[in-house]
Amino acid sequence: MTDQPQGLIVRKPGFLSLLQDAGRTRVMHLGLACGGAMDRHAWAWGNQLLGNRYGATALEVTFGGCELTCNLNTQIAVTGAAVTCTVNGEARPLWATLNLCPGDDIALSAPQSGLRAYLAVRGGFQTEAGLGGSCATFTREGTGGLHHNGKPLQTGDVLPCPPMTHEAPNRKVPNHWIPDYNAETALDVILGAQVDRFPACALESFFSESYELSPQSDRMGVRLNGPALEINGERLISEGISLGAIQVPADGQPIILLNDRQTIGGYPKLGAVTPRSLDALAQCVPGSKLRFRPTSLHEAQRQEQTFLRFFNQ
Amino acid sequence: MFWRYEVTGVDTITLHFGEKIDVALVSTINRAASVLHNTLGERLLDAVPSYTTLLLRYDLLQDDLASLVADLKPALDSLSTAGNESAKPPEVVDVPVFYDPRVGPDLENIASRANISVEEAIKRHTGRTYHVFAIGFAPGFAYLGQVADELAAPRLSTPRKKVPAGTLGIADTQTAIYPISSPGGWNLIGRTPLTLFDPDRTRPSLLEAGQLVRFRAISESEYTALSGKLDDLPWETAAANAKGDQK
């Protein structure tokens, strides 16, 4: 008990709980995925409430079911999916700072809406950054995370927390900033140059009909079921893949490539979903109906800059 | 020098330097990446070379498309006029390989497809210098080309569930080494004792786009002396061959 590091002790890891931050930079050319929090909006708010810098490491809890015990005085915030968060069995608010004492038990239930909850701690979880300057966990690569081996949280893991140096203010996110994850999701798409690979009728159905999020989706990519898209021509020469790229394989069912995507690939790409829309997509459960709408690069850049500047002040 | 760009995401553009796979593009793209790193510095979050392209990811806190292209254009245009100014000769990486059916279960098939002996197939595979066209599929997985036409072979119709790290394969006219144990559909012809990817090294990936690679055949004793492994063989024939009737 004495030489255990200060932090949150994992009693139950849940379905999939991963340490995540803003992801890697400058290593994609080595074949390393980017990673990072899937819903940056919820993740960044958690850190913001606690006065952490943008990019601090937090816990991404997919499908809930995570139970932890605290062994120090600290502050946490739970944001994102509408889980029931309890401290010692008592329900506590989401999107707000919670004060914890040694011995407190924290539990996150399965979500009523949304998919991924974020648990941020004051100062951020203290793990050594790996490749690309990131602490993110990469299960497919077997890199990063608490033990630098890509493993999700396991029972008995201790998530190291910094000591709290002074009394911290209690804060909550204003209600109008808290998304309704039950609302129908329309995703903004920047059309790419390869759009001329698709006949007009394919674009017409892509933007007018809805697609269902397939259960065969993960942090690499979201598969969609809906009207098959016709493609002119075959595979392209492999090239670097952008975040949110909508690639269309031979079966015509689009795949949106996400944070843990492979770095290069050769399927034709219709365009890319904007990062702000990917934040919303990260909270969509399998079976969700998705619609797409075209946006301009200018508008998408303006929206993304607003987001980054707000959390990087 | 020809180049054009395409918008591929909110913070990415893809530079195109040609329309088809060509060894000459490898050094062009490598020089472009190097001049852009010098010009843009911290403004560049990633630069990912591939066969004909260079994907750039930039920082929207510092740039938008217009400001990026304004600085990128003169840098790339100067490259085209100055030609081969201070370009360093590409690095040549020597890769020892134990070519043997025990670690390369498709070696005999590759040779028989080409109507040549296994020894001749090894000679032809080691007899040329390969270019690293791109890294992808997995950390440190380098696509090398081009193999001699007669050694080219399509991917297996059913990929193997597990290919050990270090295994060398051929798919179409490309050759590559699996950096980590993973599923794979390439025709396997040997194994290197070298570690292709190690996160704790200063340069985690042994191979990077733009480098040249020479394969060198080594004997079983050299292979094991270099800590090469013969265990964890996934293929059925491994046990029978290990009894020792090779060559």
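Student: In this predicted model, which residues is Thr185(A) in contact with, leaving aside its neighbours within four places in sequence?

Tutor: Thr185(A) is in contact with Ala280(A), Cys284(A), Lys289(A), Leu290(A) and Arg291(A). These pairs count as contacts because heavy atoms lie within 4.5 Å. Thr185(A) itself lies in strand 14 of chain A, residues 185–191.

Student: Is Thr185(A) buried or exposed, and what makes it so?

Tutor: Its relative accessibility is 11%. The limit for a buried residue is under 20%, so Thr185(A) counts as buried.

Student: Why is Arg24(A) called buried?

Tutor: The relative accessible area of Arg24(A) is 3%, and the term applies under 20%. Arg24(A) lies in the loop between strand 2 (16–20) and helix 1 of chain A.

Student: What does Arg24(A) touch, not counting residues up to four places away in sequence?

Tutor: The list includes Leu32(A), Ala33(A), Cys34(A), Leu131(A), Phe138(A) and Glu141(A), and also Arg57(B) of chain B.

Student: What makes the pair of Arg24(A) and Ala33(A) a polar contact?

Tutor: A polar atom of the Arg24(A) side chain lies 3.1 Å from the backbone oxygen of Ala33(A). The cut-off is 3.5 Å, with one atom able to donate a hydrogen and the other able to accept it. The pair therefore qualifies as a polar contact.

Student: Why is helix 1 of chain A described as mostly covered?

Tutor: Of the 10 residues in helix 1 (residues 40–49) of chain A, 9 are buried. Among them are Arg40(A), His41(A), Trp43(A), Trp45(A), Asn47(A) and Leu49(A).

Student: What makes Asp39(A) a cap of helix 1 of chain A?

Tutor: A side-chain oxygen of Asp39(A) lies 3.0 Å from the backbone nitrogen of His41(A), at the N-terminal end of the helix. Just after helix 1 of chain A, Gly51(A) takes a positive phi of about 75 degrees.

Student: How do you know that the buried residues of helix 4 of chain A share a side?

Tutor: Leu297(A), Ala300(A), Gln301(A), Glu304(A), Gln305(A), Phe307(A), Leu308(A) and Phe311(A) are buried in that helix. They cover an arc of only 160 degrees around the axis, and therefore lie on the same side of helix 4 of chain A.

Student: What span does helix 4 of chain A reach, and what is expected?

Tutor: Helix 4 (residues 297–311) has 15 residues and reaches 21 Å from its first C-alpha to its last, close to the 21 Å expected at 1.5 Å a residue.

Student: How many disulfides are there over all chains, and why is Cys85(A) in none?

Tutor: The count comes to 0 disulfides over all chains. A disulfide needs cysteine sulfur atoms within 2.5 Å. The sulfur of Cys85(A) is 10 Å from the closest cysteine sulfur, in Cys66(A), and that is too far for a bond. Cys101(A) is in no disulfide either, with the nearest cysteine sulfur, that of Cys70(A), 7.8 Å away.

Student: Why is the bond between Gly145(B) and Gln146(B) called a cis peptide bond?

Tutor: Its omega is about -10 degrees, and the bond is accordingly cis. Most peptide bonds are trans. Gln146(B) is in the loop between strand 7 (142–145) and strand 8 (160–163) of chain B.

Student: What is the confidence of the predictor in chain B?

Tutor: Chain B averages a pLDDT of 90, and 90% of the residues score at least 70. Over residues 237–247 of chain B, however, pLDDT stays under 50.

Conventions:
Residues are numbered from 1 along each chain as its sequence is written. Chains are lettered from A and ligands numbered from 1 in the order in which they are written. This is a predicted model: local features need pLDDT of at least 70, side-chain atom pairs count only at pLDDT 80 or more; totals for chains, interfaces and linings use all residues. Side-chain values use heavy atoms; hydrogens and water are left out. Helices (H or I, at least four residues) and strands (E, at least two) are DSSP runs, numbered from the N terminus. The expected span of a helix is 1.5 Å times one less than its number of residues. Buried means under 20% relative accessible area, exposed over 50%, partly exposed in between (1.4 Å probe, protein chains only). The arc is that of the directions from the helix axis to the C-beta atoms. pLDDT is the predictor's confidence in each residue, from 0 to 100.
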